[in-house]
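Biologist: I have a structure open and want to learn how to read it. Can we go through it feature by feature?

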Amino acid sequence: MLGSVYALVGMGLTLVWGVVGIVNIAHGEFVMLGAYFAFWAFSLIHLNPLFSVLLSIPVFFFVGVLIHRQITERLVKQHELSALILTFGMSILIWNLAQFFWTNTYRSVSFLSGSFPLLGLVFSQSKTVSFGLAVLISAALLLFLKYSSWGKAIRATSQNPDVALVCGINTRKMRMITFGMGIGLAGTAGTIISLQWVIFPQMGATYIAKAFAIVVLGGLGNIHGALVGGLIIGVLEGVVTQYVSAKMAQIIPSATILLILLLRPTGLFKK
Amino acid sequence: MMERGNQEILTTEGLVTGYGKMEILHGISLSVHSGEIVALIGPNGAGKSTVLKAVAGILKVNSGKVSFKGKDITNHPPHRIVERGLSFNPQGRVIFPDMNVQEHLDMGAWTIKDRLKKEEALERIYNLFPWLMEKKKRKAKQMSGGEQQMLSLARALMIQPKILLLDEPSLGLSPKWVQTVFEKIVEIKESGIPCLIVEQKAALVLEYSDYGYVLEMGNNRFEGSGQSLLTNPDVRRLYLGG
């Protein structure tokens, strides 16, 4: 069920990659910041983590917009390597700052730690709630992109920016909004992750690895692919953890990337 | 000089622009009057497409002036220029491959905020291109090159522009589709929308044009009515292949 949360992270990464043309290596750091956001809100002002999830959507969207305007906008249409180097640096800076201010102590949000039986199976409350939230947010994102006029304009910008420009679409603005959405998805995924997993400054690395596997699996820039890819990675991890070991489960992202690049470089789904 | 339409819709005066430090246009002056199809021809690298990009605000103008309906629009952002009623169809596959016909027309109407006006525009376009109605849900990548070109024309006409700029509308099309496209352009002109067309197929576009400009190496070389350029011995020898 964690796969649905991975899908959120992956969809954010692939959206920004496809529309803005930036590979955001620091994407995982915003997952980490989202998790800390929920943690501090919970421990300092006793904010219900579910409320943090809701709140994190606009907060991280705004953070993303700000970062794009101030920093990443200059990477648009530049060499891909510039974006890689800049966002890599951003990644290191962010987790080091997190380490400096919040120390390496593992944190967690103790909330909804109970479980409930259903149809003869036992479900953890927090996992079920996470799954529900992630599905809800994914569905909202897909519907937004498919049917709203802004969503259409974002797809248009992704598929042919030159033509989007002559339609009178402010493509700069669309890129800014998309970057905001990408960071918003990462941050929100982080708050959801905090409901059930430990929080520490370097946690972003795990999630960026999974997100890359998801993007490669689903096809670059393919949102639906990322959704399915996230679920696949999640299920694979669950199965391997259950039947082999949790250690082995950690090689899944890298193994997936390797296999897909060897066997089907365009991803599982043809775009 | 022959008599031209009564009203100047679009003019450029001494347009200078280029990419980075490389100057492509060294001072282009031209005008499009109401009710005209104006051709912009010349050899490769003459700067024909560059003129359109500069006019549409996609390329920064270094000096000179672009006026549209009497207002200076030099270096305005592209979406502002579209809002004023200038529609530009760039060269190549001017489509969103994974979007359907209806979505293309929605995007064409992006600058129309009024829902009722949007509906009217759709109805007008489906009247002008009846066959698009049946292919509403068809994705652009599943259409032929000719159909794609027509779709992009339809998209560009959604805002009911005051002028239409076309960059090589015949590119990559079969002779039959080329004729269909040009007949549609004449129909568009007759509905009151003047067109400025860049074409590699110079003889063809001059047949349909009221006026034409010949560019060479980023400078104005010849101008005159479509017929006069077609019969001009210098133009024939240099650009129309004898």
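Biologist: Is B:Lys141 buried, partly exposed or exposed?

Modeller: This is a predicted model, so the value is computed from its atoms. B:Lys141 has 37% relative accessibility, so B:Lys141 counts as partly exposed.

Biologist: Which residue does the side chain of B:Lys141 meet in a salt bridge?

Modeller: The partner is B:Asp98, at 2.7 Å, N to O. This pair links distant parts of the chain, 43 residues apart. B:Lys141 sits in the loop between α5 (130–134) and α6 (145–157) of chain B. B:Asp98 sits in the loop between β6 (86–89) and α3 of chain B.

Biologist: Is B:Asp98 buried or exposed?

Modeller: Buried means under 20%. B:Asp98 has a relative accessible area of 18%, so B:Asp98 is buried.

Biologist: Which residue forms a salt bridge with B:Glu147?

Modeller: B:Lys135 does, and the closest N and O atoms are 2.5 Å apart. B:Glu147 lies in helix α6 of chain B, and B:Lys135 in the loop between α5 and α6 of chain B. The pair therefore ties together parts that are 12 residues apart in sequence. Both B:Glu147 and B:Lys135 are buried.

Biologist: How many salt bridges are there over all chains?

Modeller: A search of the whole structure finds 11. Across the interface of chain B and chain A, the rule finds 2.

Biologist: Which residue of chain B meets A:Arg155 in a salt bridge?

Modeller: B:Glu103 does, with N to O at 2.9 Å. The pair crosses between chains, from helix α6 of chain A to helix α3 of chain B.

Biologist: Are the two partners buried or exposed?

Modeller: Use the cut-off again: buried is under 20%. A:Arg155 is at 18% relative accessibility, so A:Arg155 counts as buried. B:Glu103 is at 7%, so B:Glu103 counts as buried too.

Biologist: What else surrounds A:Arg155?

Modeller: Start with its place: helix α6 of chain A, residues 149–159. Then set aside residues up to four places away in sequence. A:Arg155 touches A:Leu145 and A:Lys146 in chain A, and B:Met99 and B:Glu103 in chain B. A polar atom of the A:Arg155 side chain lies 2.9 Å from the backbone oxygen of A:Leu145.

Biologist: Now the whole interface. How many residues of each chain are in contact?

Modeller: Count both sides. 21 residues of chain B are in contact with 19 residues of chain A. Next, look at area: the two chains bury about 1800 Å² between them. Of that area, 65% is on carbon and sulfur atoms.

Biologist: Which three residues supply more of the area that chain B buries than any other three?

Modeller: B:Phe96, B:Met107 and B:Trp110. They supply 34% of the area that chain B buries against chain A.

Biologist: How many residue pairs are in polar contact between chain B and chain A?

Modeller: The count is 5, with both residues at pLDDT 80 or more. Then ask which elements build the chain B side. Those that give two or more residues are α2 (78–83) and α3 (101–108) of chain B. The largest share, 4 residues, comes from α3(B). By class, the chain B side has 12 nonpolar, 3 polar and 6 charged residues.

Biologist: And the cores? Which residues touch the most other members of the largest nonpolar core?

Modeller: That core has 111 residues.

Biologist: What is B:Leu10 in contact with?

Modeller: Leave aside neighbours within four places in sequence. The contacts of B:Leu10 then include B:Leu30, B:Val32, B:Val55, B:Phe68, B:Leu86, B:Leu165 and B:Leu196. There is also a second, separate core of 46 residues. B:Phe129, B:Met150, B:Leu206 and B:Tyr239 are among its members.

Biologist: One last residue. Is A:Ala186 buried or exposed?

Modeller: At 0% relative accessibility, A:Ala186 counts as buried. A:Ala186 lies in helix α8 of chain A, residues 171–194. Beyond neighbours within four places in sequence, A:Ala186 is in contact with A:His27, A:Phe30 and A:Val31.

Technical notes. Residues numbered from 1 in each chain as written. Chains lettered and ligands numbered in written order. Predicted model: local features only at pLDDT ≥ 70, side-chain atom pairs only at ≥ 80, totals over all residues. Heavy atoms only, no water. Contact = heavy atoms within 4.5 Å. Buried area = accessible area lost by both parts, 1.4 Å probe. Salt bridge = Lys/Arg side-chain N within 4 Å of Asp/Glu carboxyl O. Polar contact = N/O pair within 3.5 Å; in protein donor to acceptor, adjacent residues only side chain to side chain. Nonpolar A, V, L, I, M, F, W, Y, C, P; charged D, E, K, R; others polar. Core = buried A, V, L, I, M, F, W, Y, C linked by side-chain atoms within 4.5 Å. Buried < 20%, exposed > 50% of the residue type's maximum accessible area, 1.4 Å probe, protein only.
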